[in-house]
Each structure stands twice: as structure tokens, then as C-alpha cells.
Amino acid sequence: MFIEPRFVFVAALCWITFSVVPPRFRAHLLVGWSLVFYALYAPRAVGIVLAVTLLAYVAAELQQKWVTIGIVAGLALYFKIPGGGA
């Protein structure tokens, strides 16, 4: 996978845009590129990645980081345990 042309292309574009974008926008840029990566390699997971991203953003705005940490940890356990969601 790491030498596949489209992965190399996406990684190169990510790296180039990351180096050009001002630091305050880099987190947003990485979220965008992660969605591109998931759309290419795990399209079924795009919805959950987008939902968790929005949840993290809202929780950060509301200063509820422990709620987000709990939900993300629960989702990780659910999807990583054999026989779980994925």
C-alpha cells in the first residue's frame, strides 16, 4: 500500500500543502487529507471518521474533552475487538 501510486500522490500533496499552509490551519488540513485517505482506502469508514471529527470539534468548543475521549475510546474498542463493528 505504501508504494501504491495513489498513496504516494496523496501523501505528497498532503506534505506539500502542509508545508505551505499557515500553522493555525494545519489541523484542518490534516483532517481534510485524512478524509481523502479514508475515502480512497476505507470508504465505509468515512461516515464514522466524519462523525468523530465533528464530535471532537464540538466537544473542544464546549470544553468537554473527557466526553470525547470516552466516546472515541469506546468506538476504538468496539471496532478493534474481534466480532465488533468492522
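Biologist: How much space lies in the second largest pocket?

Modeller: This is a predicted model: local features need pLDDT of at least 70, side-chain atom pairs count only at pLDDT 80 or more, and totals for chains, interfaces and linings use all residues. Residues are numbered from 1 along each chain as its sequence is written, and side-chain values use heavy atoms, without hydrogens and water. A pocket is an open set of points on a 1 Å grid over the protein atoms alone, where a 1.4 Å probe fits, with protein on both sides within 12 Å along at least five of seven lines. The space filled by probe spheres set on those points is the volume, and here that is about 180 Å³.

Biologist: Which element gives the largest share of the lining of the second largest pocket?

Modeller: Lining residues have an atom within 4 Å of a point; among them are His28, Val31, Leu54 and Tyr57. The elements giving two or more residues are α2 (26–41) and α3 (46–62), both helices, meaning DSSP runs of H or I with at least four residues. The largest share is four residues, from α3.

Biologist: Are α2 and α3 roughly parallel or roughly antiparallel?

Modeller: Their axes, lines fitted to C-alpha atoms over the stretch in contact, lie 9 Å apart at an angle of about 160°. Angles over 145 degrees count as roughly antiparallel, so α2 and α3 are roughly antiparallel.

Biologist: Is Leu13 buried or partly exposed?

Modeller: Leu13 sits in helix α1 (residues 5–20). Buried means under 20% relative accessible area, exposed over 50%, with a 1.4 Å probe and protein chains only. At 29%, Leu13 is partly exposed.

How values were computed: Axes are lines fitted to C-alpha atoms, for helices over the stretch in contact, and angles run from 0 to 180 degrees between N-to-C directions. Angles under 35 degrees count as roughly parallel, over 145 as roughly antiparallel, 65 to 115 as roughly perpendicular and the rest as oblique.
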